[in-house]
Amino acid sequence: MQKIGVFVCWCGSNIAATVDVRKLVEAAKHEPGVVYAADYQYMCSASGQQLIKDAVANYGLTGVVVCSCSPRMHEATFRKAAQSAGLNPYMLEIANIREHCSWIHKDVESATEKAVILMRAAVAKVNLNVSLTAGKSAVVKRALVIGGGIAGIQSALDIAEAGYNVDIVEKKPTIGGKMAQLDKTFPTLDCAACILTPKMVEAASDERIRIYSYSEVESVSGFVGNFTVKIRKKSRFVEEDLCTGCGLCAEKCPSRKTGNEFNLGMDKRGAVYIPFAQAVPKLAVIDPAACLHFKTGKCGLCAKNCQAKAINFDKKDEIVEEKYGAIVVATGFNPIDPSPFGELGYSRYPDVITSLELERIMNAAGPTGGVLLRPSDKAHPKKIVFVQCVGSRGLRGCDKPYCSKICCMYTAKHAMLIREKYPDTEVSVFYIDVRTPGKNFDEFYRRAVEQYGVHYIKGQVGKVAENAGKLVVHGSDLIMNEQVEIEADLVVLAVAIEPDESARKLATMLTASMDTNDFFTEAHPKLRPVESPTAGVFLSGVCQGPKDIPETVSQASAAAAKVVGLLSKDQLTCNPCVAHSDELLCNGCSACEKVCPYGAITYQDKEVNDHGKREVRRLAFVNEAVCQGCGACTVACPSGAMDLKGFTNRQIMAEVDAICR
Amino acid sequence: MQVEKFTPKIVAFCCNWCSYAGADLAGTGRMQYPENVKIIRVPCSCRVNPSFILRAFQRGADGVIICGCHPGDCHYTSGNYFARRRMTLLFGMLDFLGIERARTRVEWVSAAEGARFASVMNDFVQKVAALGPNRRLGDLRCRDSKEVEK
């Protein structure tokens, strides 16, 4: 039989004004198992906690019920107090008589009546509580960063700087991500390559950082502190330790038909290529879909010319298995394909391009060598029209419902750079709203309008058509309240950004949650913005939501700080409220295994002694370090063998009984 | 004879991550809902065993509501889907047994929806009150003698 103490908190007048606390204390004294009951003005204060500790010592309490605020508020506080009094912390339960009672009711009599019932339910539960001990699990001191863009690089650098080993897995042949493709960055107009490439080199030269480029995560198992990850190293058909990155193979390759991904297909590359001059690692890669050797069995010019003898057409994909304590997701984004917006003519007119394509055209290492030439006839465009919110903010049928956040600023940047370099160019921007919340952002936008004379038109674009060989943009001007038609030599679409297509598959592997737009969900939108709800998985960059570079870098560093905090521990305390199977009741049916979202349940053959009868049975076992304690298995179990510690069937039944009494 | 106003007994199972927090938010926002709703905290809506609901009705509850995270938002990835499927079956069976559909309900309330929690509870209590006491599954042995005489 338990000896239970009931402690009623006044919470100043928050509870005491609506609940008759004295009456509640008196009622508690008549509950089964209760040997002591008291009230106090602020139970969570040091003296309130002392009251609990003293009562545990003086009355030999085995269980405690605190009638106070929500357990989400102070359960941890009171459990700590109980523990310091020598009680198992899980012998304490909270009756929530503030948020669920005194704050929502006005009538003292009925509120007190409800508080008594809530107290009864908690006492009934504590009567069935047993001591629980949290298990410990060791922490593998290595982190995995999935994605090698600026977010992943920054996270990896920060983790390495703190002294931990970290691996970057990047599916492309080089790290750098989208930022490597940018020309200048707002609002300071630094050159993206000048600030990114040193970081790429730093990551490659740091002995604590290992880069798996051209690799993908194949599977993830395990749990916080101890993930096992299989990584597929895709074959480059080039020996990585022999290749010097001289680029001779790429020069000699006779195949010139494949669009260069780095320049968004605006120029061609060979079947063997180095993604771009500053690629890290700087290794050649063979695209077997384009390679004549793979298609015809002939050619092999690259192998003949390679002095390092690095070309190996027989090289196979390799699977490596590694253990990690923490995982950072930094899978980034892609601009959407604007072809479905037929009215904008992206797939019809070569001179309708996306902003990222313009970025490549403006880049000195781009297809035009940084000279602004339009794709169709390589002429200087004199009239450029920018169209904002293409695919963002749910304006058309196939739109994303969210704001892509970065487009207003990069369009202002493009407009400004073009007017700076080619002052004879007319630049117009169709916008819905200009959103510039950020340090020096609005000043930047105003400079584009005031100093550079960019023509901003508030309104949407209805269609882009061709008239006598010229593009005409039909739109509305909401301020002048009229329809406008503007001739354009080049139309630039500020397309929405969406999470990389690999993200959803990865979320399933990591059991991390995603929102309806496939952005990873954070554990708390305000207070835990870089953690995923899955313990040990952290979020960095645009995979969590649209962000610009400064925000991405700060989130990447924040995620790294969280990882370092985790890796600095030698052991983790597990949640003791986990599922547990009664071996004598288990019939080995696998029903629990099928519903477990974490793969925490396995089946093993074990000899049991069932009332003197010894036999080997197939039984369910719960890995307590993996189990998160949802309880799905407890309901699925047909034989009643599976139960959840801390929320057992008997405990919940007792609560039901107490409430319905 | 004086007719007392019927106040139904309502048991609410709330998942720890969304709906219990939503109920807390209703409290923080001082949003009123009737006293007869008593909340039992469970880690996830999928922890609610149909036998808990049968037990509640047996012990004289007039309505039982299960609240969980919105589909897709479950803290445990998929628990609320299990709850939804299980409860669909259970409620169908209860309907067959003569427990009116309005006495049972599954609702999704997020941690940010305090107002929704209060309005769901207000509506549920009102619907159950209109049905009168649960007599079909109530175990007479669990009632006090005065009530049985009536």
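**Notebook: the A–B interface and the cysteines**

I looked up a cross-chain pair: Asp657(A) and Arg59(B) join their side chains in a salt bridge, 3.6 Å from N to O. My cut-off for a salt bridge is a side-chain nitrogen of Lys or Arg within 4 Å of a carboxyl oxygen of Asp or Glu. I count four salt bridges between chain B and chain A.

This is a predicted model, where local features need pLDDT of at least 70, side-chain atom pairs count only at pLDDT 80 or more, and totals for chains, interfaces and linings use all residues. Residues are numbered from 1 along each chain as its sequence is written, chains are lettered from A in the order in which they are written, and side-chain values use heavy atoms, without hydrogens and water.

Next, the contact (heavy atoms within 4.5 Å). Chain A gives 45 residues and chain B gives 44 residues.

Then I turned to the cysteines. I find one disulfide over all chains, taking a disulfide as a pair of cysteine sulfur atoms within 2.5 Å. Cys191(A) and Cys194(A) form a disulfide, with 2.3 Å between their sulfur atoms. Their link is right-handed, at 95° about the S-S bond.

Cys299(A) is partly exposed, at 30% relative accessible area. I use under 20% for buried, over 50% for exposed and partly exposed in between (1.4 Å probe, protein chains only). Cys74(B) is in no disulfide, and the nearest cysteine sulfur, in Cys44(B), lies 4.0 Å away. Cys74(B) is buried, at 2% relative accessible area.
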